[in-house]
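Dear colleague,

I am passing this structure on to you, and below it you will find notes on what came out of going through it. Please read them with the structure open beside you.

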Amino acid sequence: MNLTVIGTGYVGLVTGTCFAEMGNTVTCVDTDPAKVAQLGQGQIPIFEPGLDAMVKNNSKDGRLRFTTSLAEAMADSQIYFIAVGTPSNGDGSADLRQVLAVAREIGRHLNAYGVVVDKSTVPVGTAEKVREAIQGELQSRGVNIDFDVVSNPEFLKEGAAIDDFMRPDRIIVGSDSDRAREIMRQLYAPFNMNRDRTLYMGVRDAEMTKYAANAMLATKISFINEIAGLCDRLDVDVENVRLGIGSDARIGYSFIYPGCGYGGSCFPKDVKAIIHLAESCRFEPRLLRSVEERNQAQRRVLCQKVRERFGDDLSGLTFGVWGLAFKPGTDDLREAPAVVLLHELIGAGAKVRAYDPVAMDAARRQLPAAWFDNGDLVLCEHQYHALQDVDAMILVTEWKPFRTPDFHAMRKLMKQPVIFDGRNQYEPQTVKQAGFEYQGIGRKS
Ligand SMILES: NC(=O)c1ccc[n+]([C@@H]2O[C@H](COP(=O)([O-])OP(=O)(O)OC[C@H]3O[C@@H](n4cnc5c(N)ncnc54)[C@H](O)[C@@H]3O)[C@@H](O)[C@H]2O)c1
């Protein structure tokens, strides 16, 4: 099949590449000319394991190409995926400007029946807005062309995006049209070879499913973080509690790891958006408001622990931070707890030496230039360089190379032997035996 994917961020690029991998001819469109030029030369603007080779191979074989022109891309395709960003507005609602701009552009260039697929995460009712935007353009052109709008939310995880897309837990297709449903069935058939993973439902049901999934995962994280806060105050080790509750099959182990809060481009904005959605229909989202509040507080827990240990004024102190990306496996710094921590530490007068296995370039581009100019933040080439003469080490992102560090070497490098473990990666006993003071999240120190 011939398809167009609009937006070549994490979702659009992975979607387009995986469909090309299955033999489809895919044109990816983005308004960012630099990104399109880069992709055209086989350079991948994001870090995503396995994506690089797949983009190169499919481009070489002529199944994947990149352009800034939607008109050109639409000329020979019948399915149009909208995979642009839906960031938060100031009031927490989802900003649909990119989605609706794409819808209007589709309306300006649609010449035959097509299926418009919302892959971006969008609030309930957006497919209707997309339909109206396209219809409006068709009307002003004075043409009558049939089209369908389908909701097909994406569940991939950054860092495991290819695998998630190629072997999804489920494929959600929200459609009120038999014709569109059949096209989607054919398109996803290669991903359903051993068992059909597709769940067909109404468009609004599909839109809600995506928000509900992210809200549920965020709820699990905030729940365990709340329990961890309590454990901190009651001299209980939350890691024992985690194992104790996770072993209950009704609860399970996933997404109940205590830490310094969730981040990334999805959970924070999607929880805010569903809260806003509830408010807009005068329904009080009591639970989700608490999930969001707990997370806001949790992102400051590490700095609170630092202040309790070193005092409110951190000037004259240097901290070594391990991990900047919002989670391992990605270079994405959006809403990363590490960025919140850097603001707090530097704001309180501290200097920071930081290291991340893949997010260093993104950090150099995205963090305030003044931090680098003033020497407030130094990005180090190696995890141990980040510990040179520091007053404490703070682990924020649980990358694998941080899991079993050489505590002996660390002890020699650091000015003061203090470790704040924001992801409970270390055994407190082991760290203490190596001569360190240890503070984790919700565990005896
Ligand atoms: N990142 C994830 O892990 C993830 C997972 C599931 C769902 N989502 C959802 O998918 C959507 C996209 O997320 P993302 O992380 O890929 O976003 P992103 O910000 O990384 O990428 C969006 C891309 O769209 C491009 N764009 C903006 N307007 C455009 C236009 N008019 N025409 C063509 N291109 C345009 C931008 O230049 C950018 O390259 C969001 O709604 C997000 O919530 C993201």
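Helices (H or I, at least four residues) and strands (E, at least two) are taken here as DSSP runs, numbered from the N terminus. With that in place, Thr17 is found in helix α1, and its side chain reaches the backbone oxygen of Leu13 at 2.6 Å. Thr17 has a relative accessible area of 0% and is therefore buried, where buried means under 20% relative accessible area, exposed over 50% and partly exposed in between, with a 1.4 Å probe and protein chains only.

Before going further, please keep in mind that this is a predicted model, in which local features need pLDDT of at least 70 and side-chain atom pairs count only at pLDDT 80 or more, while totals for chains, interfaces and linings use all residues. Residues are numbered from 1 along each chain as its sequence is written, and side-chain values use heavy atoms, with hydrogens and water left out.

Turning to the ligand, 26 residues lie around it, of which Asp30, Lys35, Thr86, Glu158 and Lys269 come nearest; a residue is counted as near if one of its heavy atoms lies within 4 Å. By class, this shell has nine nonpolar, 10 polar and seven charged residues, with Ala, Val, Leu, Ile, Met, Phe, Trp, Tyr, Cys and Pro taken as nonpolar, Asp, Glu, Lys and Arg as charged, and the others, Gly among them, as polar. At least three residues of the shell come from each of domain 1 (2–201) and domain 2 (211–296), whose bounds come from an automatic or database domain assignment.

Among the polar atoms, a side-chain atom of Glu158 lies 2.8 Å from a nitrogen atom of the ligand, a backbone N or O atom of Thr121 lies 2.9 Å from a ligand oxygen, and a polar backbone atom of Tyr10 is 3.0 Å from an oxygen atom of the ligand. The protein covers 88% of the 840 Å² of accessible area that the ligand has on its own, by the Shrake-Rupley method with a 1.4 Å probe. The elements that give two or more residues to the shell are α1 (10–21) and α5 (97–109).

Finally, UniProt lists Cys266 as "active site" in an unreviewed entry, and such annotations may be inferred rather than shown by experiment. Cys266 sits in the loop between α10 (238–246) and α11 (267–280), and it counts as partly exposed because its relative accessibility is 31%.

Note on methods:
Polar contact = N/O pair within 3.5 Å; in protein donor to acceptor, adjacent residues only side chain to side chain.
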